[in-house]
Amino acid sequence: MREVDKFLAAVLPLQHEADTALHTGDAKPRKALWSHTAPVTVFGAARTVSGWAEVEQLFDWLASSFSNCQSYDCEVIAAGVSGDLGYLVGHERTTASVAREQPTPYELRVTLIFRREGGEWKEVHRHADPWPETQGAHEQLARFK
Amino acid sequence: MLRAGATTDEPIEAGIRAIQQCHRAADEFARGAAGPVKALYSHADDVTLANPFGPPVVGWRNASAALDFASTRFRDGEVTGFDGLAKHLTKELACILEMEHWRAKVSGREEITPFDLRVTTVFRREGDAWKVVHRHADPISTSHPDGPLRSS
């Protein structure tokens, strides 16, 4: 198996578990997937944060806003790995409720960066913004308080 | 591959040069010139570009076309600053996270508009050079014919 395939085989299930839980109101799996060692950054659809304290706060806030995850999928557009660093470019499709409104599908384009720490892949960066020419993400973002 | 007598600092210096070249190329892009940015991009089939003008594109041909399109949307501009937020580096891959501060005439407008982009750039070593294999840039919104000024 190529290194990039091993990388994807390792991180995609973790990513799926973490984001399904986050969108069901549980931030713990996502916090466990992330490194707590600087630098960690999120260029998120909702906010831009840097450093674990801010990142953790962001995940808690997101989890408190999301519920009722009906589906999450990350389609990989490109990926690469070298030593203990890997990245993937993806198309995320999620259906979940924000602020207890109706579950709404939304799509994001994402760049995720992972660093291997102690033999495990940990996420160190997430860059996410609405998939162009779709409205779902804008509807969801407007519901955040 | 290192030449005989080369030090292990050379890849790092080449990496720093690549980032500086990227910054200069972005500045030229704000004046409508796509050439310098395209010269820094890898020509591989797996390169990606996710800019404010449309969905992500894959492969050099598509990235080249997308860069040509985007460059026609900028005139008389400059990138006045780059804030480095984080770097992740290995021997073959570098991920650079920055805020770019732009001023330009966007999409045919007569006035100069300032805007900021959040940018994730991935470089890959190809031979002695670091080449861009991915750029994800957004002003925190979706694509629109006006690119980064979609809300105005």
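Is Glu120(A) buried, partly exposed or exposed?

1. Glu120(A) is partly exposed at a relative accessible area of 46% (buried is under 20% relative accessible area, exposed over 50%, partly exposed in between, with a 1.4 Å probe and protein chains only). Its salt-bridge partner is Lys122(A), with 3.6 Å between the closest N and O atoms. Lys122(A), at 17% relative accessibility, counts as buried.

2. This is a predicted model: local features need pLDDT of at least 70, side-chain atom pairs count only at pLDDT 80 or more, and totals for chains, interfaces and linings use all residues. Residues are numbered from 1 along each chain as its sequence is written, chains are lettered from A and ligands numbered from 1 in the order in which they are written, and side-chain values use heavy atoms, leaving out hydrogens and water.

3. Over all chains there are 22 salt bridges (a side-chain nitrogen of Lys or Arg within 4 Å of a carboxyl oxygen of Asp or Glu).

4. Asp19(A) and Arg30(A) form a salt bridge at 3.2 Å, N to O. Asp19(A) is in helix α1 (residues 3-22) of chain A and Arg30(A) in helix α2 (residues 28-33), so the pair ties together parts 11 residues apart in sequence (helices are DSSP runs of H or I, at least four residues, strands runs of E, at least two, numbered from the N terminus). Asp19(A) is buried at 1%, and Arg30(A) is buried at 5%.

5. In the salt bridge between Asp84(A) and Arg116(A), the closest N and O atoms are 3.1 Å apart. Asp84(A) sits in the loop between β3 (66-82) and β4 (85-98), and Arg116(A) in strand β5 (residues 104-117), 32 residues apart. Asp84(A) is partly exposed at 40%, as is Arg116(A) at 30%.

6. In chain B, a network of salt bridges links Arg75(B), Asp76(B), Lys105(B) and Glu110(B).
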